[in-house]
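Trainee: Could we go through the wording used for this model, term by term? I would like to see what stands behind each label.

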Amino acid sequence: PPGAVLSGVARAARGGVLIKGGGPLETLGPLTAIAFDKTGTLTEGRPRITDVIVADGVTETELLRVAVAIESLSDHPLAVAVVSGGRERLGNASIPEASAARSITGRGVAASIDGQTVHVGSPRLFGEIEGNPIPESLQTNISRMESEGRTMMVVRKGPQYLGLIGLMDTPRSTAVDTLKRLRTLGITRMLMISGDNQRVADAIAAEVGLDEAWGDLMPEDKVDAIKKLKSEGKVAMVGDGVNDAPAMAHATVGIAMGAAGSDVALETADVALMADDLSHLPFAVGLSRATSRIIKQNLYVSLGVVAVLLPATILGLGIGPAVLAHEGSTLVVVFNALRLLAYKDR
């Protein structure tokens, strides 16, 4: 078995998949469910601004200047998208200085501009903090755009709502084919877990071909989701970010998107898709199953030879032929394990 594991791990590495030992390699095969994070896993992780909707009496320039100033203080992918897209639309317009920034986990960010507190974040944020609720005119736009798969950012300066910024992430080109291949391998339960609004999660899930999407999840909610799935069978968690690491740690197998993944996710994961290519996941599952088959074959050969040689030696077979037969079976086992190096993804 160690020879088969070493060959499997080596073949995986040649295929762009880093597997941290024999345990994860063998566990990938019998998975019953796979949970995917959305941003950076099923999608490219490079959202862009698609819509800017201003409140009554507010200009687009005013809205974007404030949003860019606040989001410049964050390194979240959505914040980076707001900053880059906002600066592009603003041209040479000046950006005010923001200070005293604080992150509101899974919801958005707050900071101060000109002595006023500014909040930029998901619509749910504004139902959880003090102040006026989102105006009905803006709420109508939020509902419409979320149903189209947009992630919405609301901007409020002091008591005044300035407007909305809609962002869209592009599903990975390999996602649809990868999920189809996983289904042919017998993994019937695949779902997306996301911190995005449920309507956004549903829209992206439908686009990539997933039947289940769990939205509105904070990092601790993702852990609970994985625990629930794990109670029903072996489950893998595929993610790329810091927020995914706790859920990956609780999964049977944690799988990180290598090139785009955070250091924490890569450290936590049992498996890393180093080419940042989701299509390598079916390869890893298939290789795991091939490794398990080889291990079983080698065990049968080893135990079978021992079962024959023991009584044969007792009944008069010379020690020399017995040793040769035993060593010969060892070579068979080794060469059988080396077949994994030639494993091809079908």
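The conversation below takes up several labels in turn.

Mentor: Before we start, note that this is a predicted model, in which local features need pLDDT of at least 70 and side-chain atom pairs count only at pLDDT 80 or more, while totals for chains, interfaces and linings use all residues. Residues are numbered from 1 along each chain as its sequence is written, and side-chain values use heavy atoms, with hydrogens and water left out.

Trainee: Why is histidine 119 called buried?

Mentor: Buried means under 20% relative accessible area, exposed means over 50%, and partly exposed lies in between, with a 1.4 Å probe and protein chains only. Histidine 119 has a relative accessible area of 8%, so it is buried. It is found in strand E6, residues 116-121, where helices (H or I, at least four residues) and strands (E, at least two) are DSSP runs numbered from the N terminus. Leaving aside neighbours within four places in sequence, histidine 119 is in contact (heavy atoms within 4.5 Å) with residues including Arg102, Ile104, Leu125, Phe126 and Val154.

Trainee: What makes lysine 222 count as buried?

Mentor: Its relative accessibility is 6%, and therefore lysine 222 counts as buried. Lysine 222 lies in helix H9, residues 219-230, and, not counting residues up to four places away in sequence, it touches Asp37, Asn243 and Asp244, among others.

Trainee: How do you know whether aspartate 114 and aspartate 216 are buried, exposed or partly exposed?

Mentor: The same cut-offs decide it: aspartate 114, at 66% relative accessibility, counts as exposed, whereas aspartate 216, with a relative accessible area of 25%, is partly exposed. Aspartate 114 lies in the loop between strand E5 (108-113) and E6, and aspartate 216 is found in the loop between strand E10 (212-214) and H9.

Trainee: What is said about phi in these two residues?

Mentor: Aspartate 114 has a positive phi of about 55° although it is not a glycine, and phi of aspartate 216 is near 60°, also a positive value. Most residues other than glycine have a negative phi.

Trainee: Why are H6 and H8 described as they are, and what is the description for H4 and H5?

Mentor: Axes are lines fitted to C-alpha atoms, for helices over the stretch in contact, and angles run from 0 to 180 degrees between N-to-C directions. Angles under 35 degrees count as roughly parallel, over 145 as roughly antiparallel, 65 to 115 as roughly perpendicular and the rest as oblique. Helix H6 (residues 136-147) and helix H8 (residues 198-208) pack at an angle of about 25°, with axes 7 Å apart, and H6 and H8 are therefore roughly parallel to each other. Their contact is made by Ser143, Glu146 and Ser147 of H6 and Arg199, Val200 and Ala203 of H8. Helix H4 (residues 60-71) and helix H5 (residues 77-90) pack at about 140°, with axes 9 Å apart, and H4 and H5 are therefore oblique.

Trainee: What makes a set of residues a nonpolar core?

Mentor: A nonpolar core is a set of buried Ala, Val, Leu, Ile, Met, Phe, Trp, Tyr and Cys residues joined through side-chain atoms within 4.5 Å. The largest has 43 residues, and those with the most contacts inside it are Ile34, Phe36, Leu182 and Ile255. Helix H12 (residues 280-314) gives the largest share of this core, eight residues. Apart from it lies another core, of 40 residues, among them Val66, Val83, Ile113 and Met153.
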